[in-house]
Amino acid sequence: MQHPRIGLALGGGGARGLAHIPVLEAFDDLGLKPAAIAGTSIGSIFGAAYASGLSGERLRSITLDTLGDRNAVLGRLWKLRPRKFNEWFDGNMVQFDPLKVLKVFVGEHIGERFEDLPIPLQILATDFYGCSAFRFSSGPLLPAIAASIAIPAVFKPVKHDDRVLVDGGVTNPLPFDVLPEDLDIVVAVDVVGVPQPRPGRHLPGSVDAIFGTTQILMQTITSEKLKSRAPDILIQPPHDNVRVLDFLKSRQILDSAEPLREQTRTLLIASIASM
């Protein structure tokens, strides 16, 4: 029996995006490979790594090796320090260069160009001044991912030709709608989450307010999209208090997301059986 053509969309959500890993492991468990992948923000990183040929198990190992040691993470961040003090600031905000961050943390694990990938990949960013989504599907990979992850207030915007690009989640947090039309099954993984109060605090702090507002925006965009079109399989981790930049909680996030592996396997098997 010929395997179905499956499209996989990996959404944005910061550290909650580590929940993409058990979903990818479920594909491996069943011996299935997506025919096409689309990724936004953190989903673009895992989408590119998986499209490059890395297994879900290997991605889990890399993630824990890279983020599991706080001192090692701080050491990598130290490598990103600018030579001049004023390079840290843009206006009154401290921002990192997303391309440099990628090169330090994941560059060695991802292919160089879209054209070299075993699985076709699309990456979503946002054209800041054009107020629209921007799609990458060819050319160098890391600059495209850098644009897709350029969360405002954390990363500097990325220049691409005559455009200024920022985080893809601003316009398309769950990019299942850009996958090819000729797929048999579309799987989308929504990891945005919702704002959660901190214990003992009635009002969010400034950082929580910024990222929580972004979550609300992304939730609204996805909800409106789902009213007119829905993927065949929608995977969503339970809402929890993991925040956008909680990458040092990688083991906790993966443990919490582990049920998604069995859920994804079950839904894929059912969808294939119903074809």
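The charged end of lysine 225 sits over the ring of phenylalanine 176, 4.7 Å from the ring centre. A charge sits over a ring if NZ of Lys or CZ of Arg is within 6 Å of the ring centre and within 35 degrees of the ring normal. This is a predicted model, in which local features need pLDDT of at least 70 and side-chain atom pairs count only at pLDDT 80 or more, while totals for chains, interfaces and linings use all residues. Residues are numbered from 1 along each chain as its sequence is written, and side-chain values use heavy atoms, with hydrogens and water left out.

**Aromatic pairs**

- The structure holds two aromatic pairs; rings of Phe, Tyr and Trp (its six-membered ring) pair if their centres lie within 6.5 Å, and planes under 30 degrees apart count as stacked, over 60 as edge-to-face and the rest as tilted.
- Phenylalanine 128 and tyrosine 129 form an edge-to-face pair, at 5.0 Å centre to centre and 85 degrees between the planes.
- The rings of phenylalanine 134 and phenylalanine 136 also make an edge-to-face pair, because their centres are 5.0 Å apart and their planes are at 80 degrees.
- Phenylalanine 128 counts as partly exposed because its relative accessibility is 48%, and tyrosine 129 is exposed because its relative accessible area is 65%.
- Phenylalanine 134 and phenylalanine 136 are both buried (buried means under 20% relative accessible area, exposed over 50%, partly exposed in between, with a 1.4 Å probe and protein chains only).

**Helix α1**

- Helix α1 covers residues 20-29, and eight of its 10 residues are buried; helices (H or I, at least four residues) are DSSP runs, numbered from the N terminus.
- Among the buried residues of α1 are His20, Pro22, Glu25 and Phe27.
- Glycine 31 follows α1 and has a positive phi, near 70 degrees.

**Cavities**

- There are two cavities of 30 Å³ or more; on a 1 Å grid over the protein atoms alone, a cavity is a set of points where a 1.4 Å probe fits but cannot get out, and lining residues have an atom within 4 Å of a point.
- Of the 13 residues that line the largest cavity, Gly13, Gly14, Thr214, Met218 and Val244 lie nearest its centre.
- The lining of the second largest cavity includes Arg16, Pro237, Asp240 and Ser256.

Definitions and conventions: Helices (H or I, at least four residues) and strands (E, at least two) are DSSP runs, numbered from the N terminus. On a 1 Å grid over the protein atoms alone, a cavity is a set of points where a 1.4 Å probe fits but cannot get out, and a pocket is an open set with protein on both sides within 12 Å along at least five of seven lines; lining residues have an atom within 4 Å of a point. Grid points are joined across faces, edges and corners, and a volume is the space filled by probe spheres set on the points.
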